[in-house]
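I have opened a new structure and am keeping notes on what I look up. The entries follow the order in which I worked.

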Amino acid sequence: MDKHRMVLSLLVLAASFGLYDALLCNCTNADCEKQGYQCQTDGACMASTSVIEGVEQRVRACIPRDQLVPPGQPFYCLSAEGYLNTHCCYSDYCNSMDLQVHPVTAWPPLSYTEGWGPVEVAAAVAGPVFLLCVVLLLARFLFQHHQRAYGHRHRLDVEDPSTEHLYLAKDKTLQDLIYDLSTSGSGSGLPLFVQRTVARTIVLQEIIGKGRFGEVWRGRWRGGDVAVKIFSSREERSWFREAEIYQTIMLRHENILGFIAADNKDNGTWTQLWLVSDYHEYGSLFDFLNRYSVTIEGMIKLALSAASGLAHLHMEILGTQGKPGIAHRDLKSKNILVKKNGTCAIADLGLAVRHESITDTIDIAPNQRVGTKRYMAPEVLDETINMRHFDSFKCADIYALGLVYWEIARRCNEGGIHEEYQLPYYDLVPSDPSIEDMRKVVCDQRLRPNIPNWWQSYEALRVMGKIMRECWYANGAARLTALRIKKTLAQLSIEEDVKI
Ligand SMILES: *[C@@H]1O[C@H](CO)[C@@H](O)[C@H](O)[C@H]1NC(C)=O
């Protein structure tokens, strides 16, 4: 066949693959039984074989297109040497094959059966090589099509399992690992196979919290403490979403909780979903403020670092190693951690949304009212928020930041006076307020937390009070930006001689 025609027909083939929306796959899930153990998807077919503690398990499934993230190395399509061999493919029933788990040792060298002549050897080599070329060519077309189709602009480093030893040398501690990461410029996470290995060698110590998603534990890994958030299997989507957000390129920042690993341990009967992060012994800002009062210096440190974290989250960084703007959507004192040095780390990114500035879209369909009712901005409570406009979500975060500042400032013990810890609106709504309770107070009566007069006598408290008022405007667009707040507080910290 003429070479050009062959390329052309390959192209047509590739294009038609890309255009077919409904792909049929073999499926082992119980709920595929009715359809004769097959499923239909707009994404990929997946086959995987895992060996966990000596038990082998094979799974075949459909992976919807919107779960094929991050692009180029989807979560659900990755293998881990010694544990899991996964393969994603894009033609009907292509996941019918049986995969073996690769042993942790190096690949066995090629061996030929004795008695083969040079012709057989040549054929044995040339055949697969030709096939491989065809497959690679196809894969390339498909990949490019895929890239165009989704318009993804984030470049993710392709994993190379041969670099695992660089990360997991025996004597490395977590700090070393994180240091390697931050200097290797590879974005915001350990390669996934390293994440798995880390997660599977953590020893859980004690439970430190419970939430709607599951539990938080303190764990030990190579002599260091880590926090492990364990999601119940029903919360798989939350686990996935939070892991996805934490692995946004360039997210790493000293005032955002440091993400270490995500892992889904499937033991055959249930799936354990883990999210591993830095551990901070003071716990949340809520716990901290309940227990301690703060000095002016302590207050400025907490406030400035929280603003720095939020400013980094909100900021869009352009370029190939760029970062999309991210809005948190559930900012509150319970979702901010206090580090040993008295600064904040913003955590719980599970409800966050990312902004795709090229297409000016938001990366998931945001539902109207998520987050904690007490901290909801007026426009969220009365549903007037413009969800097509990404900045609306940032403005709602700023409102919540203002409430957190009020919680901090009340605990400032300057001049011997300080108030007991209280949640915002403690005096105006019941302890588990409904949206209606909040809406009446915040939207109808336009009430806000009280800013005491005596704050005016101390410059730092006066500035904090002024910032709060400008975070609480009913009109979201009129509120300060995180960057503005950060600059104002940085200036204040110089005037007050705060050592950060
Ligand atoms: C995959 O599905 C096809 C079509 O239903 C079927 O013929 C084949 O046996 C299945 N393969 C496996 C391994 O289940």
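Accessible areas here come from the Shrake-Rupley method with a 1.4 Å probe, and for residues only the protein chains shown count as cover. On that basis I read off an accessible surface of about 25,500 Å² for the protein chain, with 55% of it belonging to carbon and sulfur atoms.

I note that this is a predicted model, in which local features need pLDDT of at least 70 and side-chain atom pairs count only at pLDDT 80 or more, while totals for chains, interfaces and linings use all residues. Residues are numbered from 1 along each chain as its sequence is written, and side-chain values use heavy atoms, with hydrogens and water left out.

**Entry: the chain as a whole**

I looked up the secondary structure and found 13 helices and 15 strands in the protein chain. Helices (H or I, at least four residues) and strands (E, at least two) are DSSP runs, numbered from the N terminus. Of the 500 residues in the protein chain, 47% are buried. Buried means under 20% relative accessible area, exposed over 50%, and partly exposed in between, with a 1.4 Å probe and protein chains only. I then checked contacts, meaning heavy atoms within 4.5 Å. Among contacts in the protein chain with a separation of 6 or more, 63% are between residues 24 or more positions apart.

**Entry: salt bridges**

How many salt bridges does the structure hold? I have 22 on record. A salt bridge is a side-chain nitrogen of Lys or Arg within 4 Å of a carboxyl oxygen of Asp or Glu.

I looked at E244 and R354, whose side chains meet in a salt bridge at 3.3 Å, N to O. This pair links distant parts of the chain, as E244 is in helix α6 (residues 236-246) and R354 is in strand β14 (residues 353-356), 110 residues apart.

Next I took R462 and E459, which form a salt bridge at 3.1 Å, N to O. Both lie in helix α12 (residues 459-471), three residues apart, about one turn of the helix. R462 has a relative accessible area of 32%, so I list R462 as partly exposed. E459 is partly exposed as well, at 37%.

A further pair is R439 and D444, with the closest N and O atoms 3.2 Å apart. R439 is partly exposed because its relative accessible area is 22%. D444 is also partly exposed, at 47%.

I also noted a network of salt bridges that links E56, R58, R60 and D98.

**Entry: the ligand**

Which residues are around the ligand? I listed N26, R60, Y93 and S96, a residue being near a molecule if one of its heavy atoms lies within 4 Å of it. The protein covers 44% of the 360 Å² of accessible area that the ligand has on its own. R60 also belongs to the salt-bridge network noted above.

I then looked up polar contacts, which are pairs of N or O atoms within 3.5 Å; within protein, one must be able to donate a hydrogen and the other to accept it, and residues adjacent in sequence count only if both atoms are side-chain atoms. A polar side-chain atom of N26 is 2.5 Å from an oxygen atom of the ligand. For S96, a polar side-chain atom is 3.0 Å from a nitrogen atom of the ligand.

By class, I counted one nonpolar, two polar and one charged residues in the shell around the ligand. Ala, Val, Leu, Ile, Met, Phe, Trp, Tyr, Cys and Pro count as nonpolar, Asp, Glu, Lys and Arg as charged, and the others, Gly among them, as polar.

I placed E242 in helix α6. E242 is buried, because its relative accessible area is 4%. Not counting residues up to four places away in sequence, E242 touches K229, F231, L275, D348, L349 and G350.

I found K334 in the loop between β11 (326-327) and β12 (336-338). With a relative accessible area of 44%, K334 is partly exposed. Its contacts, leaving aside neighbours within four places in sequence, are with S284, F286 and D348. K334 and L285 are 49 residues apart in sequence and 6.1 Å apart in space, C-alpha to C-alpha.

Last, I looked up E420, in the loop between α10 (390-410) and α11 (435-444). E420 is in contact with R410 and R411, leaving aside neighbours within four places in sequence.
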